[in-house]
Amino acid sequence: MKTARIMATDFEHRRPYVAAAIRVVWNALRLPIAAVLLALEPVVEFVCGAGLVLGVLACILFEISSVGPRFPFVKELCISLSFGVLLFLYYGLVSIFVKD
């Protein structure tokens with residue numbers, strides 16, 4: 001049975017060094033970004049959560065009470081729900097930079 005010859009090239013020997021260099025650069029960029037995102041997490045969670053809950057409640061109350069001649073219910077509801085989407089996107093961004 002014939003066996004194939006394996007030829008070593010310079011690229012194969014350099015590959016672990018390139019991967020290690022890329023990993024070091026990624027960690028050097030990832031760690032400060034993750035630290036800032038985690039430090040801002042309570043503020044972002046409070047603002048987005050309050051905007052979502054209070055916005056939806058205000059939309060419902062203004063629609064029921066009919067205080068003004070025309071209340072833009074759908075527009076205001078979309079703005080309030082966008083706070084929940086922002087919070088979801090924030091947690092996705094945190095999960096990219098933070099490894100467990």
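Cysteine 59 is buried, with a relative accessible area of 2%. The model is predicted, and a search of the whole structure finds zero disulfides. The closest cysteine sulfur to that of cysteine 59 belongs to cysteine 78, at 9.1 Å.

**Cysteines**
- A disulfide is a covalent bond between the sulfur atoms of two cysteines.
- The cut-off for counting such a pair is a sulfur-sulfur distance within 2.5 Å, so the 9.1 Å from cysteine 59 to cysteine 78 is too far for a bond.
- Seen from cysteine 78, the closest cysteine sulfur is the one in cysteine 59, and the 9.1 Å distance again rules out a bond.

**Serine 80**
- Serine 80 lies in helix α2, which covers residues 73-97.
- The relative accessibility of serine 80 is 5%; buried means under 20%, and therefore serine 80 counts as buried.
- Beyond its neighbours within four places in sequence, serine 80 is in contact with Gly51, Leu52, Gly55, Val56 and Cys59.
- Cys59, one of these contacts of serine 80, is itself buried at 2% relative accessible area.

**Whole chain**
- The chain contains two helices and zero strands.
- It has 100 residues, of which 12% count as buried.
- Among contacts in the chain with a separation of 6 or more, 78% come from residues 24 or more positions apart.
- The accessible surface of the chain is about 8400 Å², and carbon and sulfur atoms account for 74% of that surface.

Methods
Residues are numbered from 1 along each chain as its sequence is written. This is a predicted model: local features need pLDDT of at least 70, side-chain atom pairs count only at pLDDT 80 or more; totals for chains, interfaces and linings use all residues. Side-chain values use heavy atoms; hydrogens and water are left out. Helices (H or I, at least four residues) and strands (E, at least two) are DSSP runs, numbered from the N terminus. Buried means under 20% relative accessible area, exposed over 50%, partly exposed in between (1.4 Å probe, protein chains only). Contact means heavy atoms within 4.5 Å. Accessible areas come from the Shrake-Rupley method with a 1.4 Å probe; for residues, only the protein chains shown count as cover.
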